Amino acid sequence: MATTYFTEDHEWLRVEGGIATVGITDYAQEQLGDLVFVELPETGKKLAKGDTAVVVESVKAASDVYAPVDGEITEANGTLSSDPSLVNSAATGAGWLWKMKLADESQLAGLMDEAAYKAHIG
Amino acid sequence: MTGDDTKHLPLEDIHVAAGARFGAFAGWSMPLTYPAGVMKEHLHTREHAGLFDISHMKLFEVSGPEAVALLNRACPLDAAALEISQSKLSFFLNESGGILDDLIVTRLGDIRFMVVANAGNAVADEKHLRALAADFDVKVEPLDRVFLAIQGPEAWATLSRAGIETGSLLFMHGVEPRQNWFMSRSGYTGEDGFEIGLPEADARDLVAKLLGDERVLWIGLAARDSLRLEAGLCLHGQDITPETDPASAGLMWAIPKEIRATGAFIGAGALRAAVERGPAQKRVGLKPDGRQPVRAGAALFDADGNPAGHVTSGGFGPSAGHPVAMGYVATPLAKPGTRVFADVRGTKIPVDISSLPFTPHRYRKG
């Protein structure tokens, strides 16, 4: 059974078997507006919590998406190269950004659940 | 840019009700996008009619026996040669020939002109103009107006349905159709369209009529920026600044030949010298290869890795269907088709020098 976590930077993580699928929340995609490009990470890249994992570009601006925990990229969502708007239309589904193997599962304890995230965005 | 100093649009309540997302621009709280989003807003303007609240921009009425003389001093312009209702792009230059602001000057009468200035420069422009006006028999009057733009191929038809006929007005002409109104056929999108300065009560009435027409949508500042960038139009503060002169900006077409040679405008000597030397850099269109946008501030390099210039505006062009940008490159490189490279977060993105505009202008010239 997968568990979903949220960060203060408006990312979601769905964790199953030590692998986290990461994306941005619906709230975040709405704030960014129509995305036109997603700069995806390479598989095997090691990231520390807070490193820039992905850059999402809207018509107007580029925004960093940070690694919410330490880990290693196992897959990037290649579909976004041809259709970045999936992040707008399906932020928490088909618009996922990357998957990473968690280096330290105890870091998940510092993240929010859905109820706490909803309270966070008001 | 938040706090007590932020200026608010007179029609802010209408934008709030329309669901606008606001952001700071040039000291104003401005609608950036509406619920349709920047992409749809942009495309709607090119296909139908987009309504913009540009009340952050400033209208000045310049009138008096020496109005022509003042404008000829302040701008590289032959104000006497303007026909009544004719508009012209011009500039305030500094003594070095640098662009303090770009303006649209319209002749309203023998000794009356309208000057439309950019929001970010409005205060400095007024000070500048008033200081110059001290030497002339002339009055400089900033007008308290709501300023709306309606742009797109159906702009004229939606205005007509709202009771405003535009039939004989051609591109870059302006008239006063009602008391305290100023309407010009001009804009910042590359499309046919109009800019209308008018009192707030009249504006509320006009907006209500226009929004009752399904062809009209509110358009925010984000799409205004992507529309003008596709149209190859400069944003002062980015693409033209006090450090760039009209020659390097490729805007000499706005300065009549005889004025270039003999005009007594501020900055004339420096501009003549700059033209004689030839600009070291020129403003060009930039088309990034691929899907990744190249943004303002990115450094440009030639094929050998030598510095070649920089990007001044960049983003995605929804109508072009690819990223679009503008910037300055060393003059020998400023030919369409030349490939340079933009540094984006450490990666060199291939970028081709492109002619401007990216989307053809569709002005109503006659």
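**Note on a predicted two-chain model**

1. Start with strand β8 of chain B, residues 112–117. This strand is mostly covered, with 5 of its 6 residues buried. Bear in mind that the model is predicted.

2. What joins β8(B) to strand β5 of chain B? The link is made of 6 bridges, and the two strands run antiparallel. Strand β5(B) covers residues 58–63. One pair to find in the structure is B:Ser63 with its bridge partner in β8(B), B:Arg112.

3. β8(B) also pairs with strand β7 of chain B, residues 99–109. Here there are 5 bridges, again in the antiparallel sense. Look for B:Arg107, whose bridge partner in β8(B) is B:Phe113. How many residues lie between β7(B) and β8(B) in their hairpin? There are 2.

4. Now step back to the domains of chain B. The assignment gives domain 1 as 7–55 + 145–230 and domain 2 as 57–142 + 245–277. Domain 3 is 280–366. Note that domains 1 and 2 are each written as two segments.

5. Domains 1 and 3 of chain B have centres 28 Å apart, taken over C-alpha atoms. Their contact takes 15 residues from domain 1 and 18 residues from domain 3. On the domain 1 side, α2 (38–47) and α7 (221–230) of chain B each supply at least two residues. That side of domain 1 divides into 6 nonpolar, 3 polar and 6 charged residues.

6. Turn to chain A. In which order do the 3 strands of its open sheet stand? The order is β4-β6-β7, and the pairing is antiparallel. The edge strands are β4 and β7 (62–66) of chain A, each pairing on one side only. Neighbouring strands in this sheet are turned by 25° against each other on average, direction ignored.

7. Within that sheet, β6(A) and β7(A) run antiparallel and are joined by 5 bridges. A:Val54 stands opposite A:Val65, which is in β7(A). A rule to keep in mind: in a regular strand, side chains alternate between the two faces of the sheet.

8. Last, the two chains meet. The contact takes 10 residues from chain A and 15 residues from chain B. On the chain A side, β4 (35–39) and β6 (52–58) are the elements that give two or more residues. Which element gives the most on this side? It is β4(A), with 3 residues. By class, the chain A side has 5 nonpolar, 1 polar and 4 charged residues.

How values were computed
Residues numbered from 1 in each chain as written. Chains lettered and ligands numbered in written order. Predicted model: local features only at pLDDT ≥ 70, side-chain atom pairs only at ≥ 80, totals over all residues. Contact = placed C-beta atoms within 7 Å. Helix = DSSP H or I, 4+ residues; strand = E, 2+ residues; numbered from the N terminus. Nonpolar A, V, L, I, M, F, W, Y, C, P; charged D, E, K, R; others polar. Buried ≥ 20, exposed ≤ 12 C-beta atoms within 10 Å, placed from the backbone. Pairing = 2+ DSSP bridges. Axes fitted to C-alpha atoms, helices over the stretch in contact; angles between N-to-C directions. Domains from an automatic or database assignment.
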